[in-house]
Amino acid sequence: MLQRRLTYSVKFYIKRCFSSKVPEKPTWVTIDRSKLPKEPKVDREVVDLLERLSLVEFNNQEGVDRLTKAVHSANLLHAVNTDNVEPMDSVLEDRILYLRDDVVTDGNCLKDVMRNATKTLEDYYVAPPGNIPLKQKERDYGNKT
Amino acid sequence: MLSLTLREAISKLKDGSLSAAELCEKCVTRAKRVQELNFIVTENFSQSQKEAVHSARLWSEYVSGRHNEWRKFGGIPFAIKDNFCTKDIRTTCASHILNNYVPPYTATVVQKLQDAGGVIIGKTNMDEFAMGAGSTDSIFGPVRNPWNYKFAQSGREHDKINDWHIAGGSSGGSAVAVATGASFGAFGSDTGGSTRNPAAYCGVVGFKSTYGRLSRHGLIPLVNSLDVPGIFAKSVDDASLLFNAVAGHDTRDSTTVTDSMDTFTLPDDISVKHLHIGIPKEYHAPGMSPCVLEAWRRAADLFDRVGAKVSEVSLPHTQFSIICYSVLCCAEVASNMSRYDGIEYGHRAKNEDSTEELYAATRHEGFNDVVRGRILAGNFFLLKRNYDNFFLKAQKVRRLIAEDFRQVFGGGVDILLTPTTLTEAPTYSWFTEVDNRTRAEEQDVFTQPINLAGVPAITVPASLSQSGLPIGLQFIGPNFHDKEVLTVAKWFEQQTNFKRLDLSHLDKS
């Protein structure tokens, strides 16, 4: 009895596996990285430039490693042939997007809008003096070039 | 009472057998009882209860015939992810940089929900700026999955729980709000799967509609060309109800389409016999757990058995989608995050030496490592020397991915059936072994191609794994076929008879 049930369930399983349209094995291909273009290096000069542009710091070697890994991963895109393919900005590219008339539709909300600022003076936002470049800081991360 | 679906609750409110005030009170009690899951970051309990009392009065006037108008969601509690602006309720994106931000306006989809009578019980926890797939990287700490969770016994010292399952992300708090019964629906956001991933891990329905159907006005942007407000619900019918209530063109979001949309109700008697269901072979990806594979197979066979045409199809660029996504995401993040400088709103550092120094210090203090990492990577891909090779390259691959979908749907496939995630919800300790970037690359493999193509997709709980954790399956349709996607999902839901999480025992303890 038990044996019969076992055979039945095995048969059922096999039959079902074969009938299913779901592939048996993962279908992803292995990419030969040696055929891809060389990855751009994340060196000291790049680290400095990015920190200046982003106004955030890498913080530590871990931050630099994270970018290196992100670039390493992004480089895989070069395994895809994109000859004669146009870049795609938005899925609505084939539509005319709605533009409203250039008229004032709201207002009188100065207080509401400005109440989130930490520092204000007579309805102005307050910022410290501008046009002064960031001080260069000594950092102990970033690869030596 | 909390086991009711939204649809059932509405009909009970309408016939007077349920009080809106009591319903809201029950939800608030439940929310407090399961507070240790850390899913709400800003409570709005007393305000929501006040509004529910008001709604209860309106309902009783309707029931007694003194008024013949009724508001669909009158007094029903909902939860909103903390990246939707809500007037006079703090909105933080789970980041220090917006820790003190109180929006002067409400996001369109939230406003529509409130206009229909819905009340907000709280703003929900998330990964900082929605960057993550676990709801583990928040300034408020990680969200915990209620499934297989050992809740503290009331009146007893909480046994130290060493480990628990993650809720998924980035909208983990909203998923938990629905799974625990603390709310009858919730909004999340879905840029690469941030609604569908936690919905699958928490055993609820998660719907990402076609890009352009739901307004993004007031949803703090992550990746403008991919962001879609996401809907969490207890059932597919509930998701459809919510979608119909908030969808449509918004003059404040030029990326919502202007075509008129007919609102719809899903039929109860559904046939899928005439449908062609596609099984994209590339969605059998490395690392898939046997129980997810088995659930996927069983679902495919189910459609086969009832006479639908089920066939293997190919979306050849799937494997590269996650790479394409992460490049485009970083690039748009770098641009979107530049607005946070501490001057007009949000955290402001003490450094007043110069404008630049203030900006740098503010952003250093305000953003976590993940956000900083994506800004730096984005600016790297956008450097003049890398722009063509990385940013434009990714945009080209995006077209190929969108084209993959167009071709299978153009070739006669009505709906695609795939898993939502590779595995059931992982444990917190396993998830945090490696960094957010690595995890995001693994977690979003089946969800982000959908955002790149703009198409609608829904995750529906299919079954429980051997360890008792929910497994979700995803249905994907062509652009603007939201109704068809929901209909097939509802049919599947009817067949599976998935038992939602029942936490009513907590009310007694």
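Trainee: Where in chain B is the place of Ser194(B)?
Mentor: Helices (H or I, at least four residues) and strands (E, at least two) are DSSP runs, numbered from the N terminus. Ser194(B) lies in the loop between β4 (186–190) and α6 (196–202) of chain B. Mind that this is a predicted model, where local features need pLDDT of at least 70, side-chain atom pairs count only at pLDDT 80 or more, and totals for chains, interfaces and linings use all residues. Residues are numbered from 1 along each chain as its sequence is written, chains are lettered from A and ligands numbered from 1 in the order in which they are written, and side-chain values use heavy atoms, leaving out hydrogens and water.

Trainee: Is Ser194(B) buried or exposed?
Mentor: Buried means under 20% relative accessible area, exposed over 50%, partly exposed in between (1.4 Å probe, protein chains only). Ser194(B) counts as buried because its relative accessibility is 6%. Ser170(B), in the loop between β3 (119–124) and α5 (172–179) of chain B, is buried too, at 0%.

Trainee: What joins the side chains of Ser194(B) and Ser170(B)?
Mentor: A polar contact (N or O atoms within 3.5 Å, one able to donate a hydrogen and the other to accept it; sequence neighbours count only if both atoms are side-chain atoms). Here it spans 2.9 Å between Ser194(B) and Ser170(B).

Trainee: Which residues does the UniProt annotation "active site" cover?
Mentor: UniProt annotations, given in the numbering used here with shortened feature names, may be inferred rather than shown by experiment. The unreviewed entry lists Lys81(B), Ser170(B) and Ser194(B). They spread over 114 residues of sequence but cluster in space, with a largest C-alpha distance of 10.9 Å. Using contact (heavy atoms within 4.5 Å), Ser170(B) touches residues including Lys81(B) and Ser194(B).

Notes
Lists of a residue's contacts leave out its neighbours within four places in sequence.
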